[in-house]
Amino acid sequence: MIDEKALTDLAKKSLKEWDLDVQSINLHLQSENTVFKVEGKDGNEYALRVHRKGYHDLDELNSEHNWTSCLSNAGLSVPEAVATANGEAYASVFFNDSDEFRYVGLVKWIEGNILNDLILELKEKEVSDLYNSLGKVIAKFHQATINWDVPKDFKRHSFDVDGFVGSEPFWGRFWEVKNASDEDREKLSLIRKNIENSLSQLPRDISSFGMIHADMHSQNVLIQEDKLSVIDFDDAGFGWYGFDLAVAVWDRLDFTATGCHFDIAYEALIAGYLEECPNTQDIIKTIPTFLLMRTMMIIRWIEDRPEAGYEDFIPVLIKASIDQAKDLKLSLIHI
């Protein structure tokens with residue numbers, strides 16, 4: 001793992017690509033990607049994102065900005081890319097005294113409070129209002145996708161049947177998780193098989209399946225007065241719209257770290273979505289299936305990132321997956 005000093009040195013070095021007159025640069029977040037907050041001497045603020053190695057190639061990153069530009073043009077508050085001095089969305093910057101590099105991007109800073117940081121202090125009416133607004137925002141995301149002509153050179157991953165439960169799913173083979181008993185792995189394998197059958201029957205037309213954020217949980221939603229902004233498009237790809245809705249409310253489930261107000265948030269999210277996208281009940285009906293899918297995906301995501309320190313949560317997620325599958329009648333034998 002690259003240490004903080006090396007990443008900070010790389011970030012400072014990369015700013016030369018934008019020809020910015022910088023007042024300050026400070027580490028804001030070090031997760032899978034590393035984000036620095038940059039203040040220019042002109043008073044403007046930016047987020048400089050150093051992308052993790054091997055997750056997306058340059059074509060995929062440029063495609064991300066292509067789609068966020070589409071969303072911005074549709075009136076949505078999303079990160080706005082700042083081009084380098086050479087007119088590019090990203091720079092390839094090498095670590096000092098190394099042949100190893102990272103892709104680095106710069107976007108305008110978006111102010112706001114993180115929804116997840118507020119959720120435990122909010123009253124029920126506030127939760128309802130916020131998730132109603134979030135449902136409308138997600139609806140506008142999907143409307144923008146429906147009205148968008150995908151460029152021929154656009155490149156992004158897919159959360160389709162293969163992406164969820166194929167032989168090499170995007171977030172890993174959750175049914176082979178090591179921190180589980182043989183019995184639990186057998187149960188997860190059965191659920192995988194049954195959910196694969198369910199997903200295979202879902203439509204793939206543009207009214208149901210297209211570019212989605214795919215990670216719009218409450219840490220990626222910012223609140224500033226009555227305005228909601230969405231950040232972190234690293235996992236954005238093609239997928240079913242119901243998955244976007246499921247992810248947005250998944251961390252309200254009672255077994256999650258900040259789980260609370262699930263019923264209120266769920267009902268408000270759906271109401272807001274239907275207000276902007278009426279006659280989409282078929283999408284709404286898929287949300288429980290995708291809530292289960294999200295639970296199972298997180299199992300392997302955690303196991304593959306031991307440095308995050310969430311491994312004790314895996315048994316909780318396995319139990320939750322089995323319970324959710326029972327409710328959906330996706331666990332037909334041995335459970």
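Start by selecting Asp251, which sits in the loop between helix 7 (241-250) and helix 8 (262-276). Helices here are DSSP runs of H or I with at least four residues, numbered from the N terminus.

Before you go on, a word on what is on screen: this is a predicted model, in which local features need pLDDT of at least 70, side-chain atom pairs count only at pLDDT 80 or more, and totals for chains, interfaces and linings use all residues. Residues are numbered from 1 along each chain as its sequence is written, and side-chain values use heavy atoms, with hydrogens and water left out.

Stay on Asp251. Is Asp251 buried or exposed? Asp251 counts as buried because its relative accessibility is 8%; buried means under 20% relative accessible area, exposed over 50%, and partly exposed in between (1.4 Å probe, protein chains only).

Now show the side chains of Asp251 and Arg252: they make a polar contact at 3.2 Å. Such a contact is a pair of N or O atoms within 3.5 Å; within protein, one must be able to donate a hydrogen and the other to accept it, and residues adjacent in sequence count only if both atoms are side-chain atoms.

Leaving aside residues up to four places away in sequence, Asp251 also touches Asn116, Tyr131, His217, Ser218, Thr256, Thr258 and Gly259 (contact means heavy atoms within 4.5 Å).

Next, select His261, in the loop between helix 7 and helix 8. His261 is not a glycine, yet its phi is positive, near 55 degrees. With 24% relative accessibility, His261 counts as partly exposed.

Finish at Asn279, in the loop between helix 8 and helix 9 (281-284). Asn279 has a positive phi near 60 degrees, and its relative accessible area of 73% makes Asn279 exposed.

Conventions: Helix = DSSP H or I, 4+ residues; strand = E, 2+ residues; numbered from the N terminus.
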